[in-house]
Amino acid sequence: MVCQKISFLCSLFIQKKIAFTFPMKIYNQPARNEWESICTRPTFSLKQIESQVQNVLNSIKEKGDTAIQKFTKDFDKIDLKNFKVSTEEIAEAENLVSDSLKKAINHAYQNILVFHQSQIETVKKIEITKGITCWRKSVGIEKVGLYIPGGTAPLFSTVLMLGIPAKIAGCKKIVLCSPPNKEGKIHPAILYAAHLVGATDIFKIGGIQAIGAMAYGTESVSKVYKIFGPGNQYVTVAKQLIQNEGIAIDMPAGPSEVAVLADKSCVPSFVAADLLSQAEHGKDSQVILMTDNEQTANQIKIEVEKQLESLPRKDFAQKSLENSRFVILKNRQEILDMSNFYAPEHLIIALENPEEAAEHIINAGSVFLGNYTPESVGDYASGTNHTLPTDGHARAYSGVSLDSFIKKITFQSLTKEGLNQIGQTVIEMAETEELKAHANAVRVRL
Ligand SMILES: NC(=O)c1ccc[n+]([C@@H]2O[C@H](COP(=O)([O-])OP(=O)(O)OC[C@H]3O[C@@H](n4cnc5c(N)ncnc54)[C@H](O)[C@@H]3O)[C@@H](O)[C@H]2O)c1
Ligand SMILES: N[C@H](CO)Cc1c[nH]c[nH+]1
Ligand SMILES: [Zn+2]
């Protein structure tokens, strides 16, 4: 009876586009032309902060360490003269990390290692036709830069996610940057993990400063060829801007997000915990529930409210829930369609027969199937990478993997017989393109 009453009251709340005290906006069977606005992210677009970020980058390019020092003082509120982490600081960090945390890190390390090692491709030499052989070889990018977020939480798990594939790829120089705290230090777990993955240079630099330092190089930081890692909107926009200057990046990996697809087979308390797990990342995170069952939505809503109360990062989660949505859709097909439209960083499928539903997913960073696969396992230790495209970029980008740290160089070798076979074809094509010298390079050999 009590249950029915609660359910009745909740169903009164579920009306089109009206938010009540519950911070998430609730939509009941929205029309398809409303999906775009429902799926809008709360993050700044590149344009909104572009000029601010570009000014900081320009200053770093021009003034190097002096600019890093100034912006570290402005944004991180600490006046540092030396940004490089010393071997003494690494040794000290190793003592500060408890044995139980070391054990957990090593466990996660092994699983991430196994999954990323499985991505190694063996060289396959293909004989196209007699005398023409082609092959492709993976070579690690020599100098890479890893950004480890540390503004509101020390994400040492990101060190494993970036450092392990960098190491497997054989990257020679691995520069790592993370913001200093108010004491001018980096969290010991970040330093412990950085040492474990073999980072070659570690710097106490955060935000735009870190991306600029690794992109341009300064007196103390070496310039790298590709920059990896997640971060807040300033970090993400800085990464997007330095791309214009010829530095590669992994992808835009901004504020965390999760979509949960749930039907009556889900466990509401599990779904609520999953939504809150990404909401607690920061005020610009976004979480979305898509369901075909109003009763299920009510139960999850009650659980979210209950669980939110006990979170130490309640303020962040509450703010992020204000940007978040509960969407009640007509049926399973509509749930899958909206999920592909949204293209979430993380996607949890808490639907009946999740494997079948997963077959229909075409846009998502990383997918978690069934009631016993919380998104947090992918954040830390299942083996998959947690550096993933946000803001709808999962439509075209993949998350970080071993591939992100390597270039694939193609090779070919022809015998005289092989050249005889394709010579006329190349000459014909080159002359039609009016490139006589191309044709001659073949003709002189025939
Ligand atoms: N997509 C992914 O794969 C993924 C993975 C992990 C974390 N994340 C996200 O990373 C983010 C981490 O954010 P964070 O802020 O805690 O740490 P952060 O390290 O990304 O950013 C902190 C830095 O931002 C800079 N900064 C702060 N306010 C500024 C301002 N007004 N102007 C210029 N610079 C400013 C400071 O220099 C500070 O050092 C979260 O949004 C989290 O959701 C994403
Ligand atoms: N969920 C984040 C990616 O969006 C990764 C992370 C690190 N630690 C906890 N979570
Ligand atoms: Zn997370």
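**Close-up 1. Met 214 and the residues it touches.** In this predicted model, Met 214 is in contact with Gly 145, Val 175, Cys 177, Val 221, Val 224 and Ile 227, leaving aside residues up to four places away in sequence. Contact here means that the C-beta atoms of two residues, placed from the backbone, lie within 7 Å. Residues are numbered from 1 along each chain as its sequence is written. Because the model is predicted, local features need pLDDT of at least 70 and side-chain atom pairs count only at pLDDT 80 or more, while totals for chains, interfaces and linings use all residues.

**Close-up 2. The largest nonpolar core.** Met 214 also belongs here: with Ala 193, Ile 211 and Ala 238, Met 214 is among the residues with the most contacts inside this core of 68 residues. A nonpolar core joins buried Ala, Val, Leu, Ile, Met, Phe, Trp, Tyr and Cys residues through C-beta atoms within 7 Å; buried means 20 or more other C-beta atoms within 10 Å of a residue's own.

**Close-up 3. A three-stranded open sheet.** The strands (DSSP runs of E, at least two residues) follow the order β2-β3-β14 and pair in the antiparallel sense. Pairing requires at least two DSSP bridges between strands. Because β2 (126-129) and β14 (406-414) stand at the edges with a single partner strand each, one side of each has no neighbour in the sheet. Three bridges link β2 with β3 (residues 132-140), and Thr 129 has Ile 132 in β3 as its bridge partner.

Terms used
Chains are lettered from A and ligands numbered from 1 in the order in which they are written. A residue is buried if 20 or more other C-beta atoms lie within 10 Å of its own, exposed if 12 or fewer, and partly exposed in between; C-beta atoms are placed from the backbone. Helices (H or I, at least four residues) and strands (E, at least two) are DSSP runs, numbered from the N terminus.
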